[in-house]
Amino acid sequence: MPQTLAVEQLQAVRLITLQRPQALNALNTELLGELAAALSAAEADPETRAVVLTGSRKAFAAGADIKEMAERDLVGILNDPRQASWQTITRFSKPLIAAVNGFALGGGCELAMHADILIAGEDARFGQPEINLGIMPGAGGTQRLLRAVGKSLAMQMVLTGEAIDARHALRAGLVSEITQPEFTVERALQIAHAIAAKAPLAVRLAKEALLKAMDTDLASGLRFERHAFTLLAGTADRDEGIRAFQDKRAPQFRGQ
Ligand code: CAA
């Protein structure tokens, strides 16, 4: 039984809720390990088509656990067991939607940026305050933030450590929607259920193709897209999608 998060299955959607309220969901070794394990389990479960990740109303996650960090020297950091957990989180290939209320700071902001879609409550705050601790982001913050919000705002956030609010995050393209905080999870679940009803192979390849756009040149990205598109032409779900459109009924996708 995980101690630092709750996992709930809601039909084809798995809801993972970070639960370390005493530390505003700070990402210690245990929490990151349990999160990596929960995502691996969701990855392995064919019935789970999408995952929603959330925290509490006060904090999605307030970053790496600073108390734990204080106990680690350079050798400890080089052998940090949290690295393996981050790698598992990064590799997660099903659709991942973050429902962010309250603080998403440091590693918490980096974790939210692992999600494919970010939905924020009006009170959400996103920031990379590591510079205030004499360090810098180390779980993808410099790379993913710049790709999400552009150079100027990423530089401003990382070099000053100042957070932005949900409206600013929406304008900057870091999140795709904002909601009243009490509806953030509900809205993320709605989106997850909508995705879960689509053809799984198409969803998987579309996600992969979109992610390619962030780290490859246009020609390679277009080549990948063409290959993926062609691959999907041979799937039973494509036949079903087209047949259902012609029959004027909802498609029944099987992931084949
Ligand atoms: N690590 C460990 N404990 C944390 C924490 C963190 N990142 N953030 C908050 N907590 C703890 C606090 O120490 C406090 O515990 P105690 O009551 O035992 O002292 C409890 O959570 C509640 O926090 P506050 O009393 O500080 O709550 P607040 O509402 O006054 O302030 C806050 C909220 C602005 C988020 C403030 O807690 C804060 O600044 N936290 C640190 C944020 C931060 O610097 N994150 C970056 C960490 S470094 C990193 O993330 C690097 C990386 O991944 C590579």
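Predicted model: local features only at pLDDT ≥ 70, side-chain atom pairs only at ≥ 80, totals over all residues.
Colleague: What makes E5 and strand E7 a pair?

Modeller: Pairing needs at least two bridges between the strands. E5 and E7 (residues 117–121) are joined by four bridges, so they pair, and they run parallel.

Colleague: Why is E5 called largely enclosed by the rest of the structure?

Modeller: Because five of the five residues in E5 (residues 96–100) are buried. Leu-96, Ala-98 and Val-100 point one way from the strand, Ile-97 and Ala-99 point the other way, and all are buried.

Colleague: Where is Asp-45 found?

Modeller: Asp-45 lies in the loop between helix H1 (29–44) and strand E3 (50–54).

Colleague: Why is Asp-45 called buried?

Modeller: Its relative accessible area is 17%. The cut-off for buried is under 20%, so Asp-45 counts as buried.

Colleague: What makes the link between the side chains of Asp-45 and Thr-48 a polar contact?

Modeller: The distance is 2.7 Å. A polar contact requires N or O atoms within 3.5 Å, one able to donate a hydrogen and the other to accept it, so the Asp-45 and Thr-48 side chains meet the distance limit.

Colleague: Which residues is Asp-45 in contact with, leaving aside its neighbours within four places in sequence?

Modeller: Asp-45 is in contact with Gln-9, Arg-14 and Lys-94.

Technical notes
Residues numbered from 1 in each chain as written. Heavy atoms only, no water. Helix = DSSP H or I, 4+ residues; strand = E, 2+ residues; numbered from the N terminus. Buried < 20%, exposed > 50% of the residue type's maximum accessible area, 1.4 Å probe, protein only. Contact = heavy atoms within 4.5 Å.
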